[in-house]
Amino acid sequence: SARRRKIVAGNWKMNKTVPEALALVRELRGPLSSVGDVVEVVLAPPFVALQPLHVALEGAPFQLAGQNCHWEASGAFTGEVSAPMLAELGCAYVIVGHSERRQLFGETDETVNKKARAVRDAKMTPIICVGETLVERESDRTLEVVERQVRGALAGFEAKEVAGFVLAYEPVWAIGTGRNASSAQAQEVHAAIRGLVGRLYDGETAGRVRIQYGGSVKPDNAAELLGQPDVDGALVGGASLKAGDFAAIVKAAT
Ligand code: PEP
């Protein structure tokens, strides 16, 4: 795991107006000015804040991410935003397949795969989210569900592409609930995902792909989760909206 640089991303979801977004990055800059080389810090604000943050973050050690995109580059898709548009605003990453997108907006393994392809074609990196529901975990289907989601998302990609990807294991029952997966639960699934990537591709690819944990990551549980051998970072929702909490989580990754 020493070969993999940790990556902590803040998913702001549908929160923060542009002035609020600018205020939050102003607050993050000081505390996070020195961690840039050790851990990669990614911010995923709402689309409308991307351009102002791109300007404001000039020289700051933060990368920008879209929270979603369409799989076509342009066209008659009212209300959608394409991957090339996000790339042009300075995004290095796009989150695809977040459980809220899957549950509330009908995303499937197939659309997640098409979006990941679009992100890659636009020379960005997808952060591909997978994770089981509570019912699935309680019926012992966690690994089966996560495996199906990973296989679906990665369909058609080559090893050299996947090696640079970020996967995010986000158990649905842990998102926004205050109930995080235990470090042992997270490690078990992360190891299974890495093993699957090894079977689908090769050991080199499995060793390079980064796997974030997401689901109620907070300053007080981050160090233990991030200390697991196959946990390469965190995807943080609620706690990424508060500068002090997010900075503490990033520092727990160092
Ligand atoms: C998320 O939305 O990706 C997430 C992990 O949310 P939270 O940290 O609030 O559980």
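Helices (H or I, at least four residues) and strands (E, at least two) are DSSP runs, numbered from the N terminus. By that count, the protein chain has twelve helices and eight strands. Its radius of gyration, taken over C-alpha atoms, is 17 Å, close to the 18 Å that the globule rule (2.2 Å times the number of residues to the power 0.38) gives for 254 residues, so the chain is as compact as a globular protein of that length. This is a predicted model, so a few ground rules apply: local features need pLDDT of at least 70, side-chain atom pairs count only at pLDDT 80 or more, and totals for chains, interfaces and linings use all residues. Residues are numbered from 1 along each chain as its sequence is written.

Now for the overall picture. Along the principal axes, the C-alpha atoms fill a box of roughly 45 × 45 × 35 Å. A residue is called buried if 20 or more other C-beta atoms (placed from the backbone) lie within 10 Å of its own, exposed if 12 or fewer do, and partly exposed in between. Buried residues account for 46% of the 254 in the chain. Two residues are in contact if their C-beta atoms, again placed from the backbone, lie within 7 Å. Take the contacts between residues at least 6 apart in sequence: 71% of them join residues at least 24 apart.

Next comes strand 3 (residues 62-66). Five of its five residues are buried, so the strand is largely enclosed by the rest of the structure. Both of its faces are covered, with F62, L64 and G66 on one side and Q63 and A65 on the other. Strands count as paired if DSSP finds at least two bridges between them. Strand 3 runs parallel to strand 2, with three bridges joining them, and F62 sits opposite V41. Strand 3 also pairs with strand 4 in the parallel sense, over three bridges; here G66 has V94 as its bridge partner.

A nonpolar core is a set of buried Ala, Val, Leu, Ile, Met, Phe, Trp, Tyr and Cys residues joined through C-beta atoms within 7 Å. The largest one has 77 residues, and those with the most contacts inside it are A65, V94, I127, I128 and L167. Leaving out residues up to four places away in sequence, I128 touches V96, G97, V112, A116, A153, F165, L167 and A168.

What does UniProt list for "active site"? The unreviewed entry gives H98 and E170, though such annotations may be inferred rather than shown by experiment. The two span 73 residues in sequence, yet no two of their C-alpha atoms are more than 8.3 Å apart, so they gather at one spot. H98 lies in the loop between strand 4 (91-96) and helix 4 (99-104), and is buried, with 27 other C-beta atoms within 10 Å. E170 belongs to the loop between strand 6 (166-169) and helix 9 (183-200); with 26 C-beta neighbours inside 10 Å, E170 is buried. Not counting residues up to four places away in sequence, H98 touches Q67 and C129, while the contacts of E170 include C129 and S99.
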